[in-house]
Amino acid sequence: MYKLSSENQPRGDQPKAIKELVKGVMENKKHQVLLGVTGSGKTFTMANVIMQTNRPAIILSHNKTLASQLYSEMKMFFPENKVEYFVSHFDYYRPESYLPSKDIYTEKSSKTNWDLEAMRMSAMNSLISRRDTIVISSVAAIYGALNPAEYEESFIYIETKLKLTRENLFRNLVKIGYSKNLMELSPGEFRSKGDSVELFPSWTDDFLVRIDFFDDEIETIAFIDKLNKTIIKKVKNFIIYPASSYTVTNNTIEKATIEIEKELEERLNYFVSENKLLERQRLEDRVKNDIDSLREFGFCSGIENYSRHMDGRQEGEKPYTLIDYLPKDALIFIDESHITIPQFKAMYNGDYQRKRNLVDYGFRLPSALDNRPLKFEEFQEIEQQKIYISATPGEYELDKTNGEIVTQIIRPTGLLDPIIEIKPTERQFEIMFDEIKNQIDNKERTIIITATKRTAEELSRSFRDKKIKSAYIHSEHKTFERNEILRKLRKGIYDVVVGVNLLREGIDLPEVSLIMILEADVNSFARSKNALIQMIGRVARNDHGRAILFADKITDNISETVKDNENKRKIQIEYNEKNNIVPKTIIKPISDPIQGFSDIDKLENLGKIKSKKEKKALIDSLKNEMEIHKNNNDFEKAIELRDLIYELEAEL
């Protein structure tokens, strides 16, 4: 049973939206759309729908940053339930590839983040064992995963008074991927101490597990503090989950290697018939080495490329994914669906083209093509009910509901959509300068969207020449640099920030009351109706937000955007007047800078640090800080630090 913890009650359009969505779920509607404007509290609406329907749920997001924000919010809403985080477990990942035109083969290179791997496993474990589970996931949810049945077979169930020798427990632990270590334990390791066995679970670092034996019987099971080695609590039973999300049994390995050998023989014969002897030799050497490793160790580098054989799937059959761990009555929320859905559509083709070269030139067996994300057609066949969330839902979502949508236009704060003004491009710099000066006089901030990186840099430089505190953001800025620039904008250290793709979904800047969009009349994806609505929505958290569109002609996209804006404002104004609501700017705390990076000069000088010793010391310091934030449940800050650490490590 879910228990939602919040001082707030649904307001504005939230009660109506929650009621309609819950009704749709109970009526078994396969698809629903929630059109919620920026700042209308869509996450709180999702939380209430989950609570009232009392079903397991997964929320899919198109990037890790938004996924981490959703995770933090849901953790606060449901502190007594299982809220899990499932994203790619790589800090760094360079996929295996081959470029035939230049005869360049690139080996897969990656660095696994074991904290993320533990969170992935925790998500899988919770979906299997608990119904009060909410998983926040990136697009990693539609990538290949182990067969849930195979994964669950690797669980070890223990309880007090269970007849079991320590030697049998050791063997069972090794079978599911644990290794023995007599010194300091790391995740996925165990050790024997007298009549006790200590285990470091792979899916959490909150505690160690100590299993005490009396003869050949388990006497006690206790959770132990890692540092003090004091007992946190004793339990009567416990499930030991596998040490890895890709742990497979010996029986599965043996069956798989037989099938791999059959496929290898067929492929070698094919290369001989095509007189491709180099490809034949290349493939034979690799696959035979992999088979030897699988039989001896139960693992090999690139084991995921044999997933079809591990899972017992047929050629072309869809892979298992996190979605397969969901109960049949679970709810699937697709956040920012206008971006997430197109991303799902594109993922399979990109993966296939890269692997096709590997297969054709003898680096991989054809079965490697079945280690893949879901095709979009397969995603559409997922039977769980789906709710699409967006301020600008796309044609796909609207087609699925025959245009029927649940609207959330009234914000709990009473805030209106920003006023839109259209100005000619002639003298646009002078207009922008005058507007920014007025903003400064009112102690408010501005953002400007350009069409090119060069324009962003030139504008920012021109503003600085006129003594306006300005900065620009573009793709070459690293994650922590972008975050720091936006933090300084909120603080008033900058008056204006100029960028190309600055205003992605989810960026929250309530101190910004004016956005100016250049080249608004250019017919492009970056100036489509949906793109304009999303950009304008970034100033919807301010009670007098304005948007200025510089254009010499009124395009269809501008016309439709203005019409949409006027309709929403009319509804919002009528509601406020009827309920005596006075809109107020959202007040949101401004987070502290990452330790050691409190001014932009330090950020810009990071690349000048040449000494590996200095960089390693800095990385170690940031890792310690990340652990502190993680232990304090400040997951957004922890993830921000993780991204910073990754970028610094990449420079090494």
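Q: Over the face of which ring does Lys-386 lie?
A: The model is predicted, with local features requiring pLDDT of at least 70 and side-chain atom pairs pLDDT 80 or more, while totals for chains, interfaces and linings use all residues. Residues are numbered from 1 along each chain as its sequence is written, and side-chain values use heavy atoms, without hydrogens and water. A charge sits over a ring if NZ of Lys or CZ of Arg is within 6 Å of the ring centre and within 35 degrees of the ring normal. At 5.7 Å from the ring centre, Lys-386 lies over the face of Phe-379.

Q: How is the aromatic pair of Trp-203 and Phe-238 classed?
A: Rings of Phe, Tyr and Trp (its six-membered ring) pair if their centres lie within 6.5 Å; planes under 30 degrees apart count as stacked, over 60 as edge-to-face and the rest as tilted. The structure holds 22 aromatic pairs. In the pair of Trp-203 and Phe-238, the centres are 6.1 Å apart and the planes lie at 25 degrees, and the pair is stacked.

Q: How many residues apart in sequence are the parts that the pair of Trp-203 and Phe-238 ties together?
A: Helices (H or I, at least four residues) and strands (E, at least two) are DSSP runs, numbered from the N terminus. Trp-203 lies in the loop between strand 12 (196–200) and strand 13 (208–214), whereas Phe-238 lies in strand 16 (residues 237–240), so the parts tied together are apart in sequence by 35 residues.

Q: Is Ser-470 buried or exposed?
A: Buried means under 20% relative accessible area and exposed over 50%, with partly exposed in between (1.4 Å probe, protein chains only). Ser-470 lies in strand 22 (residues 470–473). Its relative accessibility is 5%, so Ser-470 counts as buried.

Q: With which side chain does the side chain of Ser-470 make a polar contact?
A: A polar contact is a pair of N or O atoms within 3.5 Å; within protein, one must be able to donate a hydrogen and the other to accept it, and residues adjacent in sequence count only if both atoms are side-chain atoms. At 2.9 Å, the partner of the Ser-470 side chain is the side chain of Ser-460.

Q: Which ring does the charged end of Lys-180 sit over?
A: The charged end of Lys-180 is 4.7 Å from the centre of a ring.
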